Amino acid sequence: MSYSIPRRPRRNRQSAAIRALAQETTLSVNDLIYPMFIVEGSGVRSEVKSMPGIYRHSLDTLLEELKEVTDLGIKCIDLFPNYSEDKKDKYATESYREGTLYLDALKAIKDKFPELALMTDVAMDPYSSDGHDGLVENGKILNDETLDILAKMAVAQARAGADILGPSDMMDGRVGFIREALDAEGFTDVSIMSYSVKYASAFYGPFRDALDSAPRFGDKKTYQMNPANVREALIEAELDYQEGADFLMVKPALAYLDVIKTLNQNFDLPIAAYNVSGEYAMIKAAAQNGWLDGDRAMLETLMSIRRAGAKVILTYFAKEFALLQA
Ligand code: PBG
């Protein structure tokens, strides 16, 4: 038979070397931020049940773990605190109190690992007796009153040595408000990676287990976005851009690859995506059951987030990925 096929896409797939040449998207440890959890005490290394391989560390074991993590080439971590109930109150005052677990940990980490880019979370939920990201009054989340608390938290974190602040609260106007507070205190070099487009998602479940931070009533739908919307994402991103954000984040990642793409096409800032706890848990659970190849699923997942247009990925897989490359 003399049928001719001049264009044969398979030629570019015929060997590992040629596939590597034709590969459009790359993924390196430089693109990753590793979220980690700190808890009070010493010698603590307690695994989060719904996140196999992820631990709540006390400061001593966290510093040990960081040695390993930085030796693997990971250059940025995002630290989250787990506070016991007795430390929580309506105004999240523990979030900016001198000598508190989280701020002391930031100082100790920065001291021991000065090269590491240290990212923090700016939101009230780990410190709030209401389990919400903002101040609650009569069952309502108050926007402008929350900003003052967020700014205090942000300045305290900057003072403790944070390099990148991650406002994850979704209050209106908070990026500009925090930027102004930081600048007024002389922290003009501290960056803001805004959770610009954060959806009210079921995929945060395991994270809330890790922090014991689930809302005590209601849900987060009056501040986090409706999963049905993408045009609204442009409004949120535009505001954060105008207010001085250095990175724009989309969260979660996998169910929102189109949103990542839209932001990347419309903004020249680096786009970040948060490959959240539930996305991690799904792959881990399936892999533990032998239902899929965990390593391959991880690589495919991370690559797809990069392909969609995220430069930066916050992922609980960061250490595993780095180990796989090592
Ligand atoms: C809270 C916060 C959440 C996450 C990061 N910061 C949870 C929430 O909004 O309820 C989720 C991270 C994850 O699921 O991995 N401000």
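1. The model is a predicted one, and I begin with Lys-198, which belongs to strand 9, a strand covering residues 191–198. The other lysine to keep in view is Lys-251, placed in strand 10, which covers residues 247–251.

2. Both lysines carry the UniProt annotation "active site", taken from an unreviewed entry that covers Lys-198 and Lys-251. Although the annotated residues span 54 residues in sequence, no two of their C-alpha atoms are more than 4.8 Å apart, so they gather at one spot. Lys-198 and Lys-251 are also included in the lining of the largest cavity.

3. Lys-198 has a relative accessibility of 5% and therefore counts as buried, the cut-off being under 20%. Beyond its neighbours within four places in sequence, Lys-198 is in contact with Asp-133, Ser-168, Met-170, Tyr-204, Gln-224, Met-225 and Lys-251. With Ser-168 there is a polar approach as well, since a polar atom of the Lys-198 side chain lies 2.9 Å from the backbone oxygen of Ser-168.

4. Lys-251 is likewise buried, with a relative accessible area of 8%. Its contacts, again leaving aside neighbours within four places in sequence, are Tyr-195, Val-197, Lys-198, Tyr-199, Tyr-204, Tyr-274 and Val-276.

5. Not counting residues up to four places away in sequence, Lys-88 touches Tyr-83, Pro-126, Tyr-127, Ser-128, Ser-129, Leu-211, Asp-212 and Arg-216. The side chain of Lys-88 reaches the backbone oxygen of Asp-212 at 2.8 Å.

6. Helix 10, residues 294–308, has 15 residues and reaches 21 Å from its first C-alpha to its last, close to the 21 Å expected at 1.5 Å a residue. At its N-terminal end the helix is capped by Asp-293, a side-chain oxygen of which lies 3.1 Å from the backbone nitrogen of Asp-295, while the residue that follows the helix, Gly-309, has a positive phi near 130°.

7. Which residues of helix 10 are buried? They are Gly-294, Ala-297, Met-298, Thr-301, Leu-302, Ser-304, Ile-305, Arg-306 and Ala-308. The buried residues of helix 10 pack against helix 8 (257–266), strand 11 (271–275), helix 9 (277–288), strand 12 (312–315) and helix 11 (318–325).

Technical notes:
Residues are numbered from 1 along each chain as its sequence is written. This is a predicted model: local features need pLDDT of at least 70, side-chain atom pairs count only at pLDDT 80 or more; totals for chains, interfaces and linings use all residues. Side-chain values use heavy atoms; hydrogens and water are left out. UniProt positions are given in the numbering used here, feature names are shortened, and annotations may be inferred rather than shown by experiment. On a 1 Å grid over the protein atoms alone, a cavity is a set of points where a 1.4 Å probe fits but cannot get out, and a pocket is an open set with protein on both sides within 12 Å along at least five of seven lines; lining residues have an atom within 4 Å of a point. Helices (H or I, at least four residues) and strands (E, at least two) are DSSP runs, numbered from the N terminus. Buried means under 20% relative accessible area, exposed over 50%, partly exposed in between (1.4 Å probe, protein chains only). Contact means heavy atoms within 4.5 Å. A polar contact is a pair of N or O atoms within 3.5 Å; within protein, one must be able to donate a hydrogen and the other to accept it, and residues adjacent in sequence count only if both atoms are side-chain atoms. The expected span of a helix is 1.5 Å times one less than its number of residues.
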